[in-house]
Amino acid sequence: EAQVTQNPRYLITVTGKKLTVTCSQNMNHEYMSWYRQDPGLGLRQIYYSMNVEVTDKGDVPEGYKVSRKEKRNFPLILESPSPNQTSLYFCASRTGQGGYNEQFFGPGTRLTVL
Amino acid sequence: AQKVTQAQTEISVVEKEDVTLDCVYETRDTTYYLFWYKQPPSGELVFLIRRNSFDEQNEISGRYSWNFQKSTSSFNFTITASQVVDSAVYFCAFSKGGSARQLTFGSGTQLTVLP
């Protein structure tokens with residue numbers, strides 16, 4: 001089954017404790033991206049990757065890191081989480097670089113930082 | 001920069017009523033794509049439709065229909081004879097043509113269909 005998977009699905013942590021949210025897709029997609037969803041703001045892009053070893057900042061990159069060492073994986077790293085990073089996070093992938101192509105979203109990771 | 005506005009934060013209707021969700025976008029691009037996604041209470045994002053800027057034909061899929069009007073920069077979504085299962089947050093989104101780094105989302109409309 002074609003899908004984007006994220007782990008964990010739920011996470012409660014404390015300020016300053018480094019964490020990684022994993023994202024994996026099995027569709028051989030070149031493009032992957034991370035979004036965060038906050039009430040009243042919709043989804044905002046954190047980072048994206050057009051291909052392996054190619055990553056760039058989205059609209060809200062502060063406090064996050066990413067890497068793209070393999071085509072299928074695009075982990076999101078919070079080196080020192082803070083309460084304002086409490087949010088619902090989505091990983092997405094799509095084929096190619098074209099804006100026409102549908103983005104496939106993972107199930108979401110709900111993160112709470114105390 | 002692109003912007004997508006969903007002015008309706010929350011809408012409540014009674015089952016079987018028709019409901020229209022509004023979406024207005026701003027862009028200077030001539031080639032672009034518009035999307036609607038549904039987010040049910042379970043939280044996942046479900047793709048509903050994609051439209052390109054050169055195709056203003058309205059589209060109907062079962063109880064769902066979409067009205068795209070470039071003249072007013074709108075891409076509205078109508079659910080006919082709404083059902084309780086339609087209760088969800090609906091997002092309108094925009095993507096540039098060509099190489100596009102992201103989807104730009106509206107803030108979403110929470111639709112509640114009451115039995």
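Buried here means under 20% relative accessible area, exposed means over 50%, and partly exposed covers what falls in between. With that scale in hand, let us walk through this structure, which is a predicted model.

E79(A) makes a salt bridge with K65(A), and the closest N and O atoms of the two are 2.9 Å apart. Because E79(A) sits in the loop between β8 and β9 of chain A while K65(A) belongs to strand β7 of chain A, the pair ties together parts that are 14 residues apart in sequence. Salt bridges that share partners also bring in K18(A), so that K18(A), K65(A) and E79(A) are joined into one network. K65(A) is partly exposed as well, at 42% relative accessibility.

How many salt bridges are there over all chains? The count comes to nine. One of them links E30(A) and K71(A), at 3.9 Å from N to O. E30(A) lies in the loop between β3 and β4 (31–38) of chain A and K71(A) in the loop between β7 (65–66) and β8 (76–78) of chain A, so this pair ties together parts that are 41 residues apart in sequence.

Another, between D59(A) and R101(B), has its closest N and O atoms 2.9 Å apart. This pair crosses between chains: D59(A) is in the loop between β6 and β7 of chain A, and R101(B) is in the loop between β10 and β11 (104–105) of chain B.

| Residue | Relative accessibility | Class |
|---|---|---|
| E30(A) | 22% | partly exposed |
| K71(A) | 26% | partly exposed |
| D59(A) | 42% | partly exposed |
| R101(B) | 28% | partly exposed |
| K65(A) | 42% | partly exposed |

**The disulfides**

Now to the cysteines. A disulfide is a covalent bond between the sulfur atoms of two cysteines. The count over all chains is two.

In chain A, C23(A) and C91(A) form a disulfide with their sulfur atoms 1.8 Å apart. C23(A) lies in strand β3 (residues 19–25) and C91(A) in strand β9 (residues 87–94), both of chain A, so the pair ties together parts that are 68 residues apart in sequence. The torsion about the S-S bond is about -75°, so the disulfide of C23(A) and C91(A) is left-handed. Both C23(A) and C91(A) are buried.

In chain B, a disulfide joins C23(B) to C92(B), with 2.0 Å from S to S. C23(B) is in the loop between β3 (19–21) and β4 (24–26) of chain B, and C92(B) is in strand β10 (residues 88–96) of chain B, so parts that are 69 residues apart in sequence are tied together. The link of C23(B) and C92(B) is left-handed, with -65° about the S-S bond. C23(B) and C92(B) are both buried.

**A buried tyrosine in chain B**

Is Y37(B) buried or exposed? Y37(B) has a relative accessible area of 1%, so this tyrosine is buried. Y37(B) is found in strand β5 (residues 32–39) of chain B. Leaving aside neighbours within four places in sequence, Y37(B) is in contact with residues of chain A, E102(A), Q103(A) and F105(A) among them, and with residues of chain B including L45(B), F47(B), Y90(B) and F105(B). Y37(B) and Y90(B) are 53 residues apart in sequence, and their C-alpha atoms are 5.8 Å apart in space.

**Backbone details**

In chain A, strand β5 (residues 42–51) and strand β6 (residues 54–57) pair in the antiparallel sense over four bridges. Within this pairing, Y47(A) has K57(A) in β6(A) as its bridge partner. The hairpin has two residues between the strands, and E53(A) takes a positive phi near 65° there.

Also in chain A, the peptide bond from N7(A) to P8(A) is cis, with omega near -5°. P8(A) is in the loop between β1 (4–7) and β2 (10–13) of chain A.

Chain B has positive phi values too. S73(B), which is not a glycine, has a phi of about 50° and lies in the loop between β8 (64–69) and β9 (74–79) of chain B. A81(B) has a positive phi near 50° and is found in the loop between β9 and β10 of chain B.

Methods. Residues numbered from 1 in each chain as written. Chains lettered and ligands numbered in written order. Predicted model: local features only at pLDDT ≥ 70, side-chain atom pairs only at ≥ 80, totals over all residues. Heavy atoms only, no water. Disulfide = S-S within 2.5 Å. Buried < 20%, exposed > 50% of the residue type's maximum accessible area, 1.4 Å probe, protein only. Pairing = 2+ DSSP bridges. Contact = heavy atoms within 4.5 Å. Salt bridge = Lys/Arg side-chain N within 4 Å of Asp/Glu carboxyl O.
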